[in-house]
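We will go from stop to stop, picking residues as we go.

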Protein chains: 2
Amino acid sequence: MAEPNILSCDALLTRVETIFTRAGVRRESAEAVARVIVAGERDNCKSHGIYRIEGCLRVLAAGKVVPDAVPELHDAGKSVIEVDAKGGFSNPAFYTARAALAARARETGLAALVIRDCLHFSALWHDVEALAEDGLASLSMCPSYSFVAPAGGKEPLLGTNPLAFGWPRKGAHPYVFDFATSVAARGEIELHRRAGKPIPEGWAVDRDGKPTTDPEAALDGAMLTFGGHKGSAISTMVELLSGAMLGEFMSKEALDFMGGTDLLPRHGALVIALDPQVFAARSGRDPIAEGEKLLTAIGAQGARLPSERRFAARDRALRDGITLSDTELAQLDRFEAMGLAAVAA
Amino acid sequence: MAEPNILSCDALLTRVETIFTRAGVRRESAEAVARVIVAGERDNCKSHGIYRIEGCLRVLAAGKVVPDAVPELHDAGKSVIEVDAKGGFSNPAFYTARAALAARARETGLAALVIRDCLHFSALWHDVEALAEDGLASLSMCPSYSFVAPAGGKEPLLGTNPLAFGWPRKGAHPYVFDFATSVAARGEIELHRRAGKPIPEGWAVDRDGKPTTDPEAALDGAMLTFGGHKGSAISTMVELLSGAMLGEFMSKEALDFMGGTDLLPRHGALVIALDPQVFAARSGRDPIAEGEKLLTAIGAQGARLPSERRFAARDRALRDGITLSDTELAQLDRFEAMGLAAVAA
């Protein structure tokens, strides 16, 4: 007997792609967006899975993302390649530029990709994993909405500013980390508020800059970065490199532009790709084999590598399919049938 | 009346340079090493000031650094420039390559510098500040000695792995952070041990991987990274990018090579330089002016920028000179008079 709640990754991909094309998104962009959403669901990253569809549809309904934007590649032959998302989603822009970025990194050792003017909702591990498949190490970062205060401050000037890194491995999933530089996600504070529970110490300050465990006061104040002043410094670096340096929005400007936090942020993104083979060449060593010495030693002592749980979920999903709840399936049906009207209601 | 304990930065520079040339270090290298040591003292970074002279002399006495090494620049016209320190100090190698790195970054947008086979004792802010003077943003990182366990582990596989970032500002000291990715310095644990005081929770685990506040157990076990699993991920990235990727020692190999922790580590280093003007060009915005919006807003709410205290100390030292204790002055006299015999004794 077929189990209606279990879908293959491909079947789910087709469904999500259809939702986006029916919502007016051009086919190539719908495919790119659906691919990262299904990847999130497949990896059991529920916060970046099909849960994101509604948010994307709302931005489309609000006219704050350009559904038929065709990403425009600008490659002047330098080490910096640019792709203008033209107000569309970041994902098709990244895929438009991926091959050029990888080729330039292989040719010169390292190259950077500037993504301009994009609607950004996806995790950054997609980009660094794609580049790891190409044999490249990479860093990816972007601003977001300014909810986070710098260490010692009280005003939210920084975004949750994610930072991701990928490193290729032979015969194994790549080494990948991808995390917010805030200590927690804003959604987690909201969940505590709804449950009437205090938040852990160190998550946030109130509007006077005093440490608070009251989720209301935290939402009214500012979140904090992970790792104290060191995390705050890294978050500031993300603002400077992927906001100011690109001439794109920093987190405060992104929030002002959208006029509220109901919609996903629009800003730029920075990806730096490095070819370990070029960097190691003169040493005569195999950089990937050298990296394995460390990575296997981390695993051998029982410590978990970042993304390990995600990769295990992926392996299960590719083998057994993705299980969705009745509610989730009903929502997919509704989005497919109603398009943007489903969120305008 | 002249105050004998106060030296101008230039006077101290001459004294330190003399100590190194008398210890057999070639003039250009002695000058580069003295420059960073005096900069540390000037900025009131006592742990990277004249305190470091003794360690450097000990490595020289042990024959573990090549005193007359002439750094060799390798520039194949790619985005990766290499300099082989040839077993000498890292500082002259960096200065040998600085102009080529800056020129390549301006030309292509970003460039990387690989420093090979160097004795590394200095803070990384020197490099990123020098590049900020050249109008460039930069990242600098290197492995060290493996004293730090990955999150969830117990074996020291990671170094204290410093990470530094610099961003140029107009008419102000640059935005600079430079920190160990370990939660504390190993020396701080040693100081607690000598004082018979427990270390704070979260600094270390014992050899069984259990959290400990006992400094003896900590030194016998492993230190921890800042920021939990996120800091551990960043430290792992530093090992991969500035160790494995370059085909140079990672922290464990560096420790094995020196055969103990008494001497400074030998390994490689990675510097990535980015030209904000190239990255921002198509936006029509001034990236430095955009960055100021964030940096001045951080200061305006009373939060401190990283390095602020260091820059204040610098301004004072340049105006009033550097004050040394009698003991420090006596040590300089001894090093100058006795050369390597001062540490061999």
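**Stop 1: a cavity in chain B**

This is a predicted model. Start with the second largest cavity, whose lining holds four nonpolar residues, four polar ones and one charged one. Select S90(B), N91(B), F94(B), I115(B), H120(B), S122(B), A123(B), L124(B) and D127(B) to show that lining. The space inside has a volume of about 50 Å³. Which helix gives the largest share of the lining? Colour helix α4 of chain B, residues 90–108: three lining residues come from there.

**Stop 2: the largest cavity**

How many cavities of 30 Å³ or more are there? The count is four. Move on to the largest cavity, which holds about 70 Å³ of space. Both chains take part in its lining. From chain A, select L139(A), M141(A), L163(A), I234(A) and M237(A). Now colour β5 (137–141) and α8 (228–242) in chain A, then β5 (137–141) and α8 (228–242) in chain B. Each of these elements gives two or more residues to the lining of the largest cavity. What kinds of residue do you find in this lining: nonpolar, polar or charged? The lining has 10 nonpolar residues, no polar ones and no charged ones.

**Stop 3: where the chains meet**

Zoom out and show both chains. In the contact between them, 74 residues of chain B touch 74 residues of chain A. About 5900 Å² of area is buried between the two chains. Carbon and sulfur atoms give 71% of that area. Next, look for charged pairs across the boundary. Four salt bridges are counted between chain B and chain A. Select E253(A) and R285(B) to see a salt bridge between their side chains, at 2.4 Å from N to O.

**Stop 4: a link within chain A**

Over all chains, the whole structure has 66 salt bridges. Pick R310(A) and D43(A), which form a salt bridge with their closest N and O atoms 2.8 Å apart. Where do these two residues sit in the chain? R310(A) is in helix α12, residues 308–320 of chain A. D43(A) lies in the loop between α2 (27–42) and α3 (51–61) of chain A. The pair links distant parts of the chain, 267 residues apart.

**Stop 5: a sheet in chain A**

Finish with an open sheet of three strands in chain A, in the order β9-β8-β10. The pairing is antiparallel. Select β8 of chain A, residues 204–205, which pairs with β9(A) over two bridges. Then click A204(A) and find T212(A) of β9(A) opposite.

Technical notes
Residues are numbered from 1 along each chain as its sequence is written. Chains are lettered from A and ligands numbered from 1 in the order in which they are written. This is a predicted model: local features need pLDDT of at least 70, side-chain atom pairs count only at pLDDT 80 or more; totals for chains, interfaces and linings use all residues. Side-chain values use heavy atoms; hydrogens and water are left out. On a 1 Å grid over the protein atoms alone, a cavity is a set of points where a 1.4 Å probe fits but cannot get out, and a pocket is an open set with protein on both sides within 12 Å along at least five of seven lines; lining residues have an atom within 4 Å of a point. Grid points are joined across faces, edges and corners, and a volume is the space filled by probe spheres set on the points. Helices (H or I, at least four residues) and strands (E, at least two) are DSSP runs, numbered from the N terminus. Ala, Val, Leu, Ile, Met, Phe, Trp, Tyr, Cys and Pro count as nonpolar, Asp, Glu, Lys and Arg as charged, and the others, Gly among them, as polar. Two strands pair if DSSP finds at least two bridges between them. Contact means heavy atoms within 4.5 Å. Buried area is the accessible area (1.4 Å probe) that two parts lose on being put together, summed over both.
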